[in-house]
Amino acid sequence: MAEQPAIMSLAEAGAKSEAKSEVDVPEQGAAQQPQEEMPPTVVVDDVHLIYRVHGAAAGKGSATSALSRLALRKKAAGITEVHAVRGVSFVAYKGQAIGLIGRNGSGKSTILRCIAGLLPPTTGKIYSDGQPSLLGVNAAMMNDLTGERNIILGCLAMGMTQREADDKYDDIATFSGLNNYNGKDFLRLPMRTYSSGMASRLRFSIAAARTHDVLMIDEALATGDRDFQLKSEARIRRLREEAGTVFLVSHSMKSIRDTCDRVIWLDQGVIKMDGPTTEVVDAYEGK
Ligand SMILES: Nc1ncnc2c1ncn2[C@@H]1O[C@H](COP(=O)(O)OP(=O)(O)O)[C@@H](O)[C@H]1O
Ligand SMILES: [Mg+2]
């Protein structure tokens with residue numbers, strides 16, 4: 001798990017990392033600095049993440065050859081290293097909605113998994129305030145249970161009491177629209193009968209029922225239809241006003257422009273640009 005130290009050290013770490021990242025990342029925009037005296041919520045300090053992938057060759061080795069390798073302390077044959085994140089540093093502040101953009105494979109999902117504490121960085125440090133929630137992964141959805149049960153379980157998993165979960169139920173059901181989807185109440189059906197778009201609607205609706213210190217949404221909106229997309233963008237803006245920090249990965253530059261006030265552009269695991277949305281998205285689109 002990534003480190004989750006006391007909040008006290010966060011401000012110090014923030015100041016340190018910020019000073020450092022000015023050297024590492026030349027194109028720092030004004031958005032790196034909070035407009036007001038907002039506290040930092042996530043500090044990413046020179047994070048590297050290397051995936052170690054066992055290639056086909058490694059699978060062929062016998063137990064005996066593996067044992068002799070161990071004895072000789074040799075690296076296993078056929079292991080490929082993927083250096084997915086290469087020295088990323090930034091500080092996120094309360095009240096910011098940060099878009100993460102970049103080509104497929106540029107490291108967006110990897111860095112979010114690191115922030116969520118699901119992947120320990122190979123080197124570097126991540127400090128966060130509260131428990132960051134990564135939409136889609138943290139939500140404990142059970143395919144054989146109905147949408148109804150999943151709403152309640154999801155609320156409990158986010159730390160609500162049974163009563164709070166019951167109170168929130170109607171809002172979540174209505175927001176998801178699945179209680180009357182093509183004239184059917186899908187919340188009474190098991191989740192395995194949902195399309196991926198419908199499942200992601202439900203996940204988003206559950207996650208959005210609570211305020212999050214740090215909410216990360218990884219391309220979750222892309223699967224919803226246009227109406228739901230607009231509705232969820234509005235909800236993201238509200239979550240942000242309710243004082244958390246929101247990270248949004250999307251390939252829709254319109255969603256990014258409409259939702260985010262700051263954008264980090266990742267390219268081959270490195271921050272290519274970090275600044276106000278218009279500047280970064282214009283540059284990304286080659287304007
Ligand atoms: N579980 C994994 N094992 C090995 N390599 C991975 C894994 N997940 C992602 N990668 C690799 O890491 C790089 C970054 O991937 P990812 O973070 O998913 O990028 P993005 O979300 O920007 O498309 C890619 O080269 C990808 O192939
Ligand atoms: Mg991704």
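Analyst: Buried means under 20% relative accessible area, exposed over 50%, and partly exposed in between (1.4 Å probe, protein chains only). This is a predicted model: local features need pLDDT of at least 70, side-chain atom pairs count only at pLDDT 80 or more, and totals for chains, interfaces and linings use all residues. Residues are numbered from 1 along each chain as its sequence is written, and side-chain values use heavy atoms, without hydrogens and water.

User: Which residues of α7 are buried?

Analyst: Helices (H or I, at least four residues) and strands (E, at least two) are DSSP runs, numbered from the N terminus. In α7, the buried residues include Gly197, Met198, Arg201 and Phe204. Because 10 of its 12 residues are buried, α7 is largely enclosed by the rest of the structure. The cover includes β5, α5, α6, β6 and α8.

User: How many salt bridges does a search of the whole structure find?

Analyst: A salt bridge is a side-chain nitrogen of Lys or Arg within 4 Å of a carboxyl oxygen of Asp or Glu. The search finds 10. In one of them, Asp144 pairs with Arg192, with the closest N and O atoms 2.9 Å apart. Asp144 lies in the loop between β5 and α5 and Arg192 in the loop between α6 and α7, so the pair ties together parts 48 residues apart in sequence. Both residues, Asp144 and Arg192, are exposed.

User: Are Asp274 and Arg262 buried or exposed?

Analyst: Both Asp274 and Arg262 are buried. Their side chains meet in a salt bridge (2.9 Å, N to O). Asp274 sits in strand β9, and Arg262 in strand β8.

How values were computed:
Chains are lettered from A and ligands numbered from 1 in the order in which they are written. Contact means heavy atoms within 4.5 Å.
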